[in-house]
Amino acid sequence: MKNWWQATFPKGRQNLIITDANGYPVQIAYGEKGTGKPLIFLHGVGSWSYNWRHSIAPLSEYFRVICFDAKGYGFSEKPSTRREKGGHQIIELERIISALCDEPAVIVAESLGAVIALAIAEKNPQLIARLVVLNVPIFPQRLPHWGMSVLAQTPLEILQTIDNLRLAYLFAPLVREIMAIERRGVLFDPSILTQEDVYWITYPFIEFPGTLVKVAEELQIAAREIEHLQTNKPNMLSEIQNNLGAIQSPTLILWGEQDSWFPASDGEKLRQRLKNAKLQILPNCHHDASSGAAQAVNAAIIQFMRDTNFI
């Protein structure tokens, strides 16, 4: 199998060292393609840069496209002995943007990544020139998938043991098959998921110990945030919701019409809370818009940039 990073980016996979929210240096994997104003892709929970595979080349014709794997995901470092705090992604994203960009960036973010992007737009608007968010879990009722709930309730020590024993590697065919079934479940047209896609989507879970633990840890944080949101305890989601009106960046909201994880009505609710936002519903699209409706997503982004005089 060809090296996806080398095949996708002129310089292949590059590494950036940032100080994480816990004050430790961590290595972040990233790639970039194209020239011009920076455009940064943010993936969702359990994903990595590969999720943007259909958008990198088309948008690199207009922008300096940057894809990175968040800490704990994909090819980035996975600190195994340090537990995370809610909101650590916000701090780390700020540092990644500041390290890679010398001007405000276009942020294109999906699912959990889009929640983080909204928080950045509130707290550090000077970092963002334009904002595009896809299927944002900003008004969640619960974790949307049973597998997420299982991981959120499993003690991390048990998952650490699974990782240490390399069980995902030993049972790689089974892991790939299970994840293929689950990924097809968030695609309007499941047939578009190729064997190469399955190979790369599952690669970090099979090849890099620590991936499963870090994903589960993020899901546990998310589950706690949702619980605190519903019981009116202090939480990051409420803070982001309450400050949506402060976002000044021109914003495009894209939402899959058939998204069963987070309903499209949440997109309209979000649009109403933002001062300078446009909502576009994507037909024939489930939750995984970046993979399942890439052509429509790319076209919408390019048109939005033209409409707001950015290209």
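In which sense do β3 and β5 pair, and over how many bridges? They pair in the parallel sense over four bridges. The legends below take this sheet and its surroundings in turn.

The model is predicted, so local features need pLDDT of at least 70 and side-chain atom pairs count only at pLDDT 80 or more, while totals for chains, interfaces and linings use all residues. Residues are numbered from 1 along each chain as its sequence is written, and side-chain values use heavy atoms, with hydrogens and water left out.

**Figure 1. The open sheet has eight strands in the order β1-β2-β4-β3-β5-β6-β7-β8.** Its pairing is mixed. β1 (14–19) and β8 (277–282) stand at the edges with a single partner strand each, so one side of each has no neighbour in the sheet. From one strand to the next the twist averages 25 degrees. Strands (E, at least two residues) and helices (H or I, at least four residues) are DSSP runs, numbered from the N terminus. Two strands pair if DSSP finds at least two bridges between them. Strands of a sheet pair through backbone hydrogen bonds, either parallel or antiparallel.

**Figure 2. Strand β4 (residues 64–68) is largely enclosed by the rest of the structure, because five of its five residues are buried.** Buried means under 20% relative accessible area, exposed means over 50%, and partly exposed lies in between (1.4 Å probe, protein chains only). In a regular strand the side chains alternate between the two faces of the sheet. On one side of β4 are Arg64, Ile66 and Phe68, on the other Val65 and Cys67, and all are buried. Strand β2 (residues 25–33) pairs with β4 in the antiparallel sense over four bridges. In β4, Val65 has Lys33 opposite, and Phe68 has Tyr30 opposite.

**Figure 3. Strand β3 (residues 38–42) runs parallel to β4 and is joined to it by four bridges.** Leu39 stands opposite Val65 of β4, and Phe41 stands opposite Cys67 of β4. Phe41 also stands opposite Val108 in β5. Five of the five residues of β3 are buried.

**Figure 4. β5 and β6 run parallel and are joined by six bridges.** Ala109 stands opposite Val133 in β6. β6 is mostly covered, with seven of its seven residues buried.

**Figure 5. Helix α14 (residues 294–307) lies across β5, β6 (128–134), β7 (251–256) and β8.** The helix runs at about 150 degrees to β6. Axes are lines fitted to C-alpha atoms, for helices over the stretch in contact, and angles run from 0 to 180 degrees between N-to-C directions.

**Figure 6. The axes of helix α5 (residues 146–153) and helix α10 (residues 211–230) come within 8 Å and cross at roughly 95 degrees.** The two helices are therefore roughly perpendicular to each other; this term covers 65 to 115 degrees, while angles under 35 count as roughly parallel, over 145 as roughly antiparallel and the rest as oblique. Contact (heavy atoms within 4.5 Å) is made by Met148, Leu151 and Ala152 of α5 with Leu212, Ala216, Leu219, Gln220 and Ala223 of α10. These residues divide into seven nonpolar, one polar and no charged. Ala, Val, Leu, Ile, Met, Phe, Trp, Tyr, Cys and Pro count as nonpolar, Asp, Glu, Lys and Arg as charged, and the others, Gly among them, as polar.

**Figure 7. The count of disulfides comes to zero.** A disulfide is a pair of cysteine sulfur atoms within 2.5 Å. For Cys101 the closest cysteine sulfur is in Cys67, 12 Å away and too far for a bond. For Cys285 the closest cysteine sulfur is also in Cys67, at 18 Å, again too far for a bond. Cys101 counts as buried at 10% relative accessibility, and Cys285 is buried with a relative accessible area of 1%.

**Figure 8. Gly292 is placed in helix α13 (residues 289–292).** At 27% relative accessibility, Gly292 counts as partly exposed. Leaving out residues up to four places away in sequence, Gly292 touches Leu187 and Ile192. Gly292 and Lys275 are 17 residues apart in sequence and 29 Å apart in space, C-alpha to C-alpha.
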